[in-house]
Amino acid sequence: MLFALALLGICFAFAFPVLWLILTSLRPESGVYYVHRGSEFTLGNFAEVLREERMVEAFVNSALIATLATFFSLLVTVSSGYMLSRFRGPASRTWFGTIYVFRCVPYISWVLPLYFVAQSWGIYDTYIGLLLPHIAVHICFFSWLMKGFFDGIDPSMEHAALIDGCTRWGAFLRVALPSALPAISALAVLCWLFTWNEFLFALILTGNRVPVITVVMAQFVTEMGLRWNLMAATAVMALLPAFLLALFGQKYVIRGLRI
Amino acid sequence: MAPALRPMFGEQQRFMLFLITPAALLLLLFQVVPIVIGANASFRDWALYNPKKIWVGLDHYRAVIADPAFLEVVLPNTFVFMAVSVMGALILGLALALLLNRPFRGQKLVQTVLLVPLMVAPVIAAIMMRWMFNDQFGIVNAVLEGLGVEGQPWLVERWSAFGVILLTDIWLWTPWFTLLLLAGLQSLPKEPFEAAAIDGTTVWRVFRHLTLPMLRPVIVVCVVIRAIDAFRTFDIVWTLTGGGPGRATELFSLYAYVHAFLNLDLGRGSAAAIIGGVIILVVGVALYRLVDRVAKA
């Protein structure tokens with residue numbers, strides 16, 4: 001009994017802020033200041049947010065960048081993780097040391113100067129200028145995770161394939177890769193979520209031409225701080241894709257979180 | 001017939017090189033190059049509105065290190081934030097993991113609920129908390145007033161604002177600790193616990209002398225990863241308080257950002273970013289060594 005109550009309390013504590021946000025998003029402008037009283041509810045806030053072109057554009061941009069970043073990020077980190085897992089020796093050790101050190105470097109230390117690097121390369125405030133850093137940022141962590149996943153897969157099948165005359169690429173692509181698919185799915189879900197939720201990169205590397213949802217929301221707070229019903233509606237819509245992904249990919253998310 | 005040209009690397013080396021080249025190239029272009037260029041900028045007069053790019057040596061570094069705002073506010077804030085948010089989330093997360101480490105109905109549901117904060121973007125978490133702790137219309141003050149306690153202007157005072165920031169961060173990260181530690185608990189061998197149960201050992205002693213030592217490696221990895229990430233926290237502080245009131249809740253990332261993009265001094269901002277990077281590398285290595293030793297002891 002006590003245990004059940006504790007569980008209920010824990011669930012409530014972790015879900016409450018989100019529930020409160022959802023409730024706020026359903027209140028009309030007049031009711032938003034007393035969310036806990038009154039009983040008028042409306043979907044008008046969502047409609048009003050979606051009427052703003054910039055909002056819709058931001059949602060589309062965020063989804064596009066998250067999807068592309070996930071694809072390319074996996075492309076480069078799966079192979080790098082495979083190398084770390086299957087080969088020993090100085091090359092492997094050096095690469096591992098490098099990604100370990102760069103994992104520790106705070107984002108601001110490279111994104112801040114990337115601002116003027118991007119400008120001199122002419123990719124400031126463009127899709128590509130936002131996409132490439134988003135791919136680069138996960139290299140360290142995901143190579144590390146991927147190494148761990150490959151370590152858990154027995155390499156004897158690949159050895160057998162090599163002896164049967166398979167090339168190294170064949171052994172990697174046709175033997176190792178299929179057995180790593182669950183792990184790759186886990187990383188894909190994580191990568192999509194991280195990119196969708198990321199804020200600092202877009203804040204520094206984009207201006208007005210590539211709005212993304214997190215930046216638009218943060219601007220919203222300071223510019224229209226009093227229109228909490230619209231704010232909440234936007235936030236709920238930004239949460240929705242992440243929640244759906246997590247709900248359906250729960251198994252993979254959990255696996256991905258296990259370092 | 002001329003002998004075929006000997007390849008510079010063996011077949012295996014070429015394969016290894018191919019596997020890491022795309023990743024290494026991206027890392028070089030988007031992290032190494034910016035850091036080098038940022039280091040160069042940190043030695044120059046690089047105002048955004050008028051980048052003269054004159055060499056000024058260590059002036060920016062001196063300015064940052066001598067800045068009372070950096071020494072007396074930003075650095076202590078960053079370390080207090082790191083310590084409290086990691087310890088808070090670790091202790092809460094461990095307690096929850098211990099509580100949940102038993103079969104019960106609805107386990108799946110609790111797991112799903114615990115995943116919720118992990119899906120929430122830090123920006124959105126900060127917006128939610130900002131709304132809940134709003135001084136006039138927030139639910140927190142409404143509840144307090146219902147209980148007969150006077151509502152607080154939470155985000156206007158330094159320490160209460162800092163408290164809200166910490167609360168947001170702990171809310172975001174406790175579930176991560178819980179899920180990882182729960183996985184760790186479930187993979188522990190059963191026999192020692194059964195033996196302890198037969199001997200009638202108290203719960204506390206089982207925890208202190210069995211669970212904790214066996215769980216230590218997982219805890220160590222979690223703490224190191226989280227501590228390094230906590231050091232660079234930006235989103236929640238930026239959205240909750242913008243570093244305010246005044247500059248009282250600024251963390252290191254905000255300090256570098258404010259100098260580069262609000263005061264338009266990229267030179268000084270870059271210097272701050274590099275100082276922060278060096279600090280975390282030193283702290284990271286020290287932390288790793290320390291916990292590594294504790295883990296082996």
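This is a predicted model: local features need pLDDT of at least 70, side-chain atom pairs count only at pLDDT 80 or more; totals for chains, interfaces and linings use all residues.
1. The crossing of H10(A) and H13(A) is left-handed. H10(A) covers residues 181-197 and H13(A) covers residues 228-248, and the two pack at an angle of about 165° with their axes 11 Å apart. Angles over 145 degrees count as roughly antiparallel, and H10(A) and H13(A) are therefore roughly antiparallel to each other.

2. Which residues in H10(A) and H13(A) meet? From H10(A) come A:Val189, A:Trp192, A:Leu193 and A:Trp196, and from H13(A) come A:Pro241, A:Ala242 and A:Leu245. The residues of this contact divide into 7 nonpolar, no polar and no charged. As a reminder when you look at the spacing of these positions, an α-helix has 3.6 residues a turn, so residues three or four places apart point the same way.

3. Now to chain A as a whole. Its secondary structure comes to 14 helices and 0 strands, so that reading along the sequence gives the pattern α-α-α-α-α-α-α-α-α-α-α-α-α-α. The C-alpha trace of chain A spans about 75 × 60 × 30 Å along its principal axes. Of the 259 residues of chain A, 49% count as buried. Take the contacts in chain A between residues at least 6 apart in sequence: 76% of them join residues at least 24 apart.

4. Please check two backbone positions with me. A:Asp125 has a phi near 60°, a positive value in a residue other than glycine. You will find A:Asp125 in the loop between helix H5 (107-121) and helix H6 (127-137) of chain A.

5. B:Leu264 is not a glycine, yet its phi is positive, at about 55°. B:Leu264 sits in the loop between helix H11 (252-262) and helix H12 (266-296) of chain B. B:Leu264 is partly exposed, having 15 other C-beta atoms within 10 Å.

6. H8 of chain B is hardly covered, as the count of buried residues among its 9 residues is 0. Just after H8(B) comes B:Gly200, with a positive phi of about 70°.

7. Finally, a word on confidence. The model scores ipTM 0.88 and pTM 0.89. For chain B the mean pLDDT is 86, and 95% of its residues reach 70 or more. Where in chain B is confidence lowest, and where is it highest? It is lowest in strand S2 (residues 54-55) of chain B, at a mean of 82, and highest in helix H3 (residues 68-100) of chain B, at 92. Do keep an eye on residues 1-7 of chain B, over which pLDDT stays under 50. For that stretch of chain B, the model has 0 contacts beyond four places in sequence.

Definitions and conventions
Residues are numbered from 1 along each chain as its sequence is written. Chains are lettered from A and ligands numbered from 1 in the order in which they are written. Helices (H or I, at least four residues) and strands (E, at least two) are DSSP runs, numbered from the N terminus. A residue is buried if 20 or more other C-beta atoms lie within 10 Å of its own, exposed if 12 or fewer, and partly exposed in between; C-beta atoms are placed from the backbone. Two residues are in contact if their C-beta atoms, placed from the backbone, lie within 7 Å. Axes are lines fitted to C-alpha atoms, for helices over the stretch in contact, and angles run from 0 to 180 degrees between N-to-C directions. Angles under 35 degrees count as roughly parallel, over 145 as roughly antiparallel, 65 to 115 as roughly perpendicular and the rest as oblique. A crossing is left-handed if the near helix is turned anticlockwise from the far one by less than a right angle, and right-handed if clockwise. Ala, Val, Leu, Ile, Met, Phe, Trp, Tyr, Cys and Pro count as nonpolar, Asp, Glu, Lys and Arg as charged, and the others, Gly among them, as polar. pLDDT is the predictor's confidence in each residue, from 0 to 100.
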